[in-house]
Amino acid sequence: MKCKSSRGLKLSFTASASGSPLPTPARRNASPNRDGGGRGAGGEGGSRRLDEASLAVVSANPLTPDPSPPAIQRAREILSCWSGERGDRRRHATGDGRRVVVRMYFAVALVLSMSSITNAVEPWATYRGNMQRTGNTDGIGGPAAPKILWAIPSKDHYIAAPVPAGDRLLVSGLGAFNVGQFACLSIDPKISERLLWSKTTPALKLPSVSSPAILKDKLYFGDGMHQTNGATLYCLDLVKGGTVWQHPVPGNLVHLEGAPTIEVGKVYIGGGAAGVLCVDMHALSLEGKTLDPAGVEKALAQRWKELQAKYEIDRKKDPDFAIPPNEEQLPKPNPKRVWQQGKDKWHVDAPVAFAQGKILVASAFLDKEQIGDRALYCLDAKSGDVLWRKPLPLNPWGGPSVEGDTIVLSGSSIGYYPNALKGARGMIAAFDLKSGAEKWQKEIPAGVVGCAALADGAAIVTATDGKIRAFNLADGERRWIYDSKVPYFAPAAIAKGVVYAGDFKGAIHAVDLKSGGKQWILDLGTEPATKSPGMVYGGPIVHGGKIYVATCNLEGPFARQPTVVVCIGEK
């Protein structure tokens, strides 16, 4: 970032490295500031203290949305540039200097508030952690020399990717007879009991293949899959797993397979034939009353107290037949549905994306059922109104990825069917966020089922021909191909210049982002700590310098064999 003179400053919006339009100082005239320097109250030390104080005041302003870390860093850069120039303005402290401080305050407020209308939702409040779908939000790379730190053998099948939440890992799987299984695990390598809590029937009505979205101390996910009708959107307490609210979505071919996206108090999710739904997490209905979350919590605590009291009475009367209360006896709060778009017209199985006040929706057409619409939609996030539609040649099962004003979408002629790989076709395309105009499109001679991961000006996709491909985000030119010779369904993760991908046999590949060169391969099927081959459907994620991945053996060469959830760290 190049500092300009504060004299005649104006704000112009340019794309930062992350693609977010943030205020950048731009000089109105070419005359440099030639004043001498100073070190008094308006000098370097005093300016730095004022910078931090101003940033704290603006951040604490209730009218300023919670700023993202990149926005805070950008604000600090602007303050740093201006603070040195204010030191040169010591003699103008009673006039010009105060105006500079006022400009500074409003500029920083603008920087922080911009974080609410760019593509930066809270980490892990959307699919793959961010709108670039990198599977990494802390910027810490994975291990250079990999080793399995811990592994949990399982009979469940993990179609959804695991999601980190601080010192916890959330995994969603399919149990026997496709019963939904949801578990919260500790990622502490030294802990003796890794399972913290779990949910299954009757709390979960249907199987779930949805990765959860995380916001503060709550998690959000949907249930249902293609073989089921009707679904439920859940909000659970992250600490203990208790149900906070449920939102039922009835209908034929309705299922909530894609991960939700959370932004500004709203939950957005695709619902199969239900199209796209937006619910207000702060407006809850409980037994005919509209309450905020605090009111609901108070009401449910009172009801639980009453159930406990009744149980104590019954236990005194007949201890052998007294039944302790359980969560299913509590009434179920239901959030207000703000809008629904595309019901019975679209088929949205992919995760939706939020970008600059818009919701991006990838809808498929089901050839067997002859329903849906194979298209990319852009909706107004507040109203759900359609802003534009772009028809697509192939079904976009992975959903949109966003970097700045560019949307990247993959497509495939097949779904998640291991026996249908022969002759599969795929594509990757980029579109303008504002207009929907196509920027470029590339055909791929294999199915691309997972979403694209965007980083360092590149779009990375995996394909069913066993290849990972990198394309220039700007023009679609291919950068490199990495050939593992084993098919992929799962999207790749990217962290600190390394691409991580899991193939059909459970091998994790680490590939250099710039060159496409192999860094290492760790095979879960042959590693002594696991010896559990399995297909990776949900994709690896990178968190705290470690890689987390789970396998699925519903179909394919290892059908019905055990699966595994693993943590890969440094040797």
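This briefing describes strands, a helix and nonpolar cores in one protein model. The model is predicted, so local features are given only at pLDDT of at least 70 and side-chain atom pairs only at pLDDT 80 or more, while totals for chains, interfaces and linings use all residues. Residues are numbered from 1 along each chain as its sequence is written, and side-chain values use heavy atoms, with hydrogens and water left out. Helices (H or I, at least four residues) and strands (E, at least two) are DSSP runs, numbered from the N terminus. Two strands pair if DSSP finds at least two bridges between them.

**Nonpolar cores**

- A nonpolar core is a set of buried Ala, Val, Leu, Ile, Met, Phe, Trp, Tyr and Cys residues joined through side-chain atoms within 4.5 Å. Buried means under 20% relative accessible area, exposed over 50%, and partly exposed in between (1.4 Å probe, protein chains only).
- In soluble globular proteins, nonpolar side chains tend to be buried together.
- The largest nonpolar core contains 38 residues, and Tyr 220, Leu 233, Trp 245, Ile 262 and Val 267 have the most contacts inside it.
- Two or more residues of this core come from each of strand E10 (231-237), strand E11 (243-249), strand E13 (266-270), strand E14 (276-286), helix H4 (293-317) and strand E18 (358-366). E14 gives the largest share, five residues.
- A second, separate core has 33 residues, including Ala 353, Val 361, Ala 381 and Leu 394.
- Contact means heavy atoms within 4.5 Å. Leaving aside neighbours within four places in sequence, Tyr 220 is in contact with residues including Pro 212, Tyr 234, Trp 245, Ile 262, Val 267 and Met 281.

**Helix H4**

- The expected span of a helix is 1.5 Å times one less than its number of residues. For the 25 residues of H4 this gives 36 Å, which agrees with the 36 Å between its end C-alpha atoms.
- Val 296, Leu 300, Leu 307 and Tyr 311 of H4 are buried.
- The buried residues of H4 pack against E14 and strand E15 (289-291).

- Four of the five residues of strand E9 (residues 218-222) are buried, so the strand is mostly covered.
- Strand E8 (residues 213-215) runs antiparallel to E9 and is joined to it by three bridges. Ile 214 has Leu 219 in E9 as its bridge partner.
- The hairpin of E8 and E9 has two residues between the strands, and Lys 216 there takes a positive phi near 55 degrees.
- E9 also pairs with E10, in the antiparallel sense over five bridges. Leu 233 in E10 is the bridge partner of Gly 222.

- Strand E26 (residues 458-462) pairs with strand E27 (residues 467-472) over five bridges in the antiparallel sense. Ala 458 stands opposite Asn 472 in E27.
- Four residues lie between the strands in the hairpin of E26 and E27, where Gly 466 has a positive phi near 85 degrees.
- E27 is joined to strand E28 (residues 478-483) by five bridges, and the two run antiparallel. Lys 467 stands opposite Asp 483 in E28.
- The hairpin of E27 and E28 has five residues between its strands, and Gly 476 in the turn has a positive phi of about 80 degrees.

**The sheet of E29 to E32**

- An open sheet is formed by four strands in the order E29-E30-E31-E32, with antiparallel pairing. Strand E29 (493-495) and strand E32 (518-523) are the edge strands, each pairing on one side only.
- Strand E30 (residues 498-502) and strand E31 (residues 507-512) run antiparallel and are joined by five bridges. Ala 501 stands opposite His 509 in E31.
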